[in-house]
Amino acid sequence: MTQLPKVKHALLRSRTAKKVLNSRTSHQARHIYSNATDRIFRGAQLALSGKTPFDVVYQREIISLRHYTPHTDSTVQKHRIPLVIVPPLAANMLIYDLFPNRSLVRYFLGQGFDVYLIDWGTPSLRQAKYNLGTYVKTFMPDFLEKIREHSGQQQLSLFGWSLGGALSLCYTSLFKDKNIQNLVILASPINTHKSGYMGKFYQRLTAPAQWVRSNTNFRIHQVPSRVFHVHGWQNTLGFKLTDPIGNFKNYWELVKNLNDRQFVVNHATSSSFVDNMLAYPGGVMRDIILRFWIDNELSTGSVKFGEQTANLKDIDCSVLAVGGNTDIIVTAEAVRPLMDLISSEDKQFKVVPGGHMGLVSGNQAPQTVWPVVTEWLSQRSD
């Protein structure tokens, strides 16, 4: 009989432990469910991207000009020459301001640069007729002139990533703009046929294309531009297919960490760019296929725009070209040939750690890529 109270006490403790365990399990399950539903249905609200303040100082059609609020720290040395970010066309602008502590525009501001960004907007089929010439000959000179008016400075530095670098090079050489003081060309496809396995694919397109030109009357420009229009979801899918295993692992890590709110928030923030890529206007996509992939025009140093020709040898400003050592979309070897095509005496080519997107927004970019750019640019912006 003396053991009965002990048995009752043990049973009571066991029941209490089960209740606590069940309560904790239930709480964790609710927490995981809440994180999962927020990630699926409220990803845009969770994302930390796009928080750096800016003003829209000019608008034309779907395109807008951003001026980011200058850094107010009086200890930061301000640079006289404004820095103009020229993005590629399919990129969501969030890539430049992805995390508050991993934001390229915020980094540039903190280094004392007056930062402008040309936001190409969200093209639809109404813009399918836009081609590379539309951006190089019409939009680039207009927006750069508005930057000069707004900043009060004639000299400018252009920062072009991916296709944005090609647009910057073509504009500068076509207009022989001597007030472009500096060009930073980041992972831009100068010789697409040297871009790894993708380059080999482009090379294989050349022979059939030449046969069609020589033996038929068909010309790709006869096909309506809207046929070549690539929607944003197609660009997102294409980008993810460049690394399908990596993307699968990315979502598997999300599943394993659904109980970690910060992980879920960070995943939503990173995905705010990758899952929301923009369309390529049909005319631009047609030019990319014919002029970059097949004819590899930039590698020749001359790109035609109607009756005008952009000759890269006319570029003599300071140029920094950067390639990523793990970039499989535009390899470092596809960027390097620029050094032999321009006339600049002050020119450098550097290979840095990172892939195509990682150069602009990767975990290591603030330590391994951005300082390389700002150190070079700071010495040439006063």
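A residue is called buried when its relative accessible area is under 20%, exposed when over 50%, and partly exposed in between (1.4 Å probe, protein chains only). The structure is a predicted model, in which local features need pLDDT of at least 70, side-chain atom pairs count only at pLDDT 80 or more, and totals for chains, interfaces and linings use all residues. Residues are numbered from 1 along each chain as its sequence is written, and side-chain values use heavy atoms, with hydrogens and water left out.

A nonpolar core is a set of buried Ala, Val, Leu, Ile, Met, Phe, Trp, Tyr and Cys residues joined through side-chain atoms within 4.5 Å. The largest one has 97 residues, of which Y96, W120, F159 and L338 touch the most other members. A second, separate core of six residues includes L46, L254, V264 and A268.

Aromatic pairs number 13; rings of Phe, Tyr and Trp (its six-membered ring) pair if their centres lie within 6.5 Å, and planes under 30 degrees apart count as stacked, over 60 as edge-to-face and the rest as tilted. The rings of F54 and Y68 are tilted, because their planes meet at 55°, with centres 5.3 Å apart. F54 is partly exposed at 31% relative accessibility, whereas Y68 is buried at 1%. Y96 and W161 form an edge-to-face pair, with 6.2 Å between centres and 90° between planes. Y96 is buried, with a relative accessible area of 0%, and W161 is buried at 3%. Ring pairs also join W120, Y130, Y135 and F139 into a cluster.
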